[in-house]
Every structure is written in C-alpha cells, then in structure tokens.
Amino acid sequence: MSSNRLLKFIHIASTCWFIAGSVFLMIVALREAGLHWWVIFSLSGHSGTFIFFLMLVYSFAMFRGVSRSQKIELEHPLTCSRSYLTFYDIAPFLGGAAGLTATKFTQNGFELMISATTGTLFSTFLVWILVDPAVSVVEMLLPASREHRKERITEMKELQKRIQKDNERLMAELMEMESINRKQREIELRGRAIDLARLLAEHKIGCGNVEAQVVEMGGHAWHLGGIECMRQLLEMAEDAYKEQYNETVAINHIGIWWDGIGTWRKA
C-alpha cells in the first residue's frame with residue numbers, strides 16, 4: 001500500500017474515531033439531562049443515517065480527489081510534508097491517548113471513555129480548526145510561497161488563454177467545414193428545390209396529390225445530410241418559389257408533410 005493511500009485510510013479512521021467520540025459525549029450529555037434511552041435512540045437513528053451518508057461522500061472525495069501538485073507543495077512546504085500530514089491525520093488518536101494518560105488509569109472504564117473522547121475532541125479542534133489554518137496562512141505569507149503562487153496563477157491564466165484560442169480555432173474550422181458542406185449540398189439540392197417549389201404551386205391550385213413526391217424528397221435529403229440538409233432544402237425551395245412566382249409561401253405544407261422523417265418535427 002502506498003504512503004498516500006495509507007495516510008488516507010488513517011485520516012478516515014481518525015475521522016470515524018472523532019465522530020464516534022462526539023456521538024458518545026452527546027449521548028452522555030443527553031442522559032445527564034434526564035432524557036430516556038428511547039428518545040436518544042430515536043434521535044440517533046436519523047442522525048446516524050445522515051452521518052453515515054456524509055462519511056461515504058467524504059471517503060469518495062478522499063480517494064477521488066485531486067492530488068496536491070508540486071506547485072502547491074512549494075507554496076506550503078510544511079503542511080504538505082509527510083511528517084505534518086501524518087501528525088494531522090493521527091491528531092484525534094493522539095488526543096484520545098492524551099486523555100487516557102491524564103486519568104492515570106485510576107478511574108473506571110466509563111470515566112476512561114469520557115476522558116479519551118474529551119481529549120479527542122480537544123485535540124481535533126485544536127489541530128484541524130485552529131493550528132492547521134493558522135500555519136497555512138503563515139506559509140502563504142512567506143516570500144517564496146507568494147512568488148510560487150503568483151507563477152502558478154500566471155501559468156493557469158496562460159493555459160486558459162491557450163485553451164480558449166484552441167476552442168476558437170476549432171470552432172472556426174467547424175464553421176468553415178460546415179460552409180463547404182453547405183455549398184456542396186446546395187449544388188446537389190438545387191434541382192430538387194426547384195421541383196419542390198413547382199409541387200407547392202401545383203398543390204396550391206389543386207393539381208393532383210403531390211404529398212408522396214414531397215415526402216420522397218425529404219427522405220432523400222435526410223439520408224444525404226440529416227436534419228440540416230432538410231432545412232437547407234426547405235429554405236432553397238422557399239427561395240425558388242418566391243423567385244419563380246413572385247410571392248412567398250402562405251402555408252408551408254412541406255414542413256408538415258415531412259413530419260416523422262428522421263428527427264424532423266412539424267412546426
């Protein structure tokens with residue numbers, strides 16, 4: 001087992017010990033306040049489920065989290081060191097051991113448990129809540145840490161700029177490719193667009209059933225280039241109709257007849 005994975009397991013174990021100690025002291029306080037066991041178990045049932053869920057989420061974050069980079073270690077030379085991380089992870093256990101030592105093992109088991117859990121809470125609060133943030137702030141104020149942080153932020157900004165430029169270049173290439181494809185489709189669809197305009201005109205004056213021919217052209221456009229090709233064919237047909245008959249299409253029957261072809265849906 002690698003040292004990083006071992007530290008993660010120790011940290012999770014110390015967190016479980018800290019939570020267990022907190023729950024134990026809470027139950028003791030509730031009992032001393034005069035609450036019955038059935039009330040305590042009723043409260044602890046819902047709280048236990050919530051704590052268990054939080055522990056699962058916390059474990060997932062511990063094992064799937066992003067590892068500290070070399071730049072972060074340079075900015076925090078002490079708090080990223082192996083010895084400090086080990087001390088940080090075992091702080092709850094150290095507090096429990098200190099609580100047991102303070103009793104000199106002269107009291108009964110129940111009082112020993114109270115002393116151990118009290119030491120755990122005190123040491124955890126002292127190290128995790130007070131000492132660690134204070135040391136991290138001091139590290140960030142060091143000249144070397146500030147310089148490395150400035151370099152890291154500059155590199156991140158440069159990386160974001162490169163990514164943005166790459167995205168813009170890729171978008172421009174896609175738009176250029178789509179423009180080329182559209183021009184190629186326009187050549188292939190010009191004749192069918194004219195035929196569609198003629199079929200619209202025939203349908204307008206009631207000359208025969210043209211729906212089957214329109215549907216066949218829509219299916220051809222779908223197989224040729226999907227929904228974009230169908231839209232392009234419809235636009236070209238509308239332009240051709242306007243050019244030939246000097247009027248716009250009053251009711252676009254094509255869009256209705258094409259309903260169900262591929263992903264085409266009528267308006």
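**Reading salt bridges, burial and a helix bend**

Modeller: Let us start with charges. A network of salt bridges links Asp166, Arg169 and Glu173.

Colleague: What should I know about the model before reading on?

Modeller: This is a predicted model, in which local features need pLDDT of at least 70 and side-chain atom pairs count only at pLDDT 80 or more, while totals for chains, interfaces and linings use all residues. Residues are numbered from 1 along each chain as its sequence is written, and side-chain values use heavy atoms, with hydrogens and water left out.

Colleague: What is a salt bridge, and how many does the whole structure hold?

Modeller: Side chains of opposite charge can pair when their charged atoms come close. The cut-off is a side-chain nitrogen of Lys or Arg within 4 Å of a carboxyl oxygen of Asp or Glu. A search of the whole structure finds seven. One of them joins Arg192 to Glu216, with the closest N and O atoms 3.7 Å apart. That pair links distant parts of the chain: Arg192 is in helix H6 and Glu216 in helix H7 (residues 211-245), 24 residues apart. Helices here are DSSP runs (H or I, at least four residues), numbered from the N terminus.

Colleague: How far apart in helix H7 are Glu228 and Arg231?

Modeller: They are three residues apart, so about one helical turn separates them. Their side chains meet in a salt bridge (2.9 Å, N to O).

Colleague: How do I read burial?

Modeller: Arg185 counts as buried, at 11%. Its salt-bridge partner is Glu178, at 3.2 Å between the closest N and O atoms. Glu178 is partly exposed, at 34%.

Colleague: Where does helix H6 bend?

Modeller: A bend is the angle between axes fitted to the seven residues ending at a residue and the seven starting there. Helix H6 (residues 143-205) bends by about 50° at Leu189. Leu189 is among the buried residues of H6, as are Ala193 and Leu196.

Colleague: Which residues does Ser136 touch?

Modeller: Contact means heavy atoms within 4.5 Å. Not counting residues up to four places away in sequence, Ser136 touches His76 and Thr79. Ser136 sits in helix H5 and is buried, at 19% relative accessibility.

Colleague: How many disulfides are there?

Modeller: A disulfide is a pair of cysteine sulfur atoms within 2.5 Å. The structure holds zero. Cys229 is buried, at 0%, whereas Cys16 is partly exposed, at 36%.

Technical notes: Helix = DSSP H or I, 4+ residues; strand = E, 2+ residues; numbered from the N terminus. Buried < 20%, exposed > 50% of the residue type's maximum accessible area, 1.4 Å probe, protein only.
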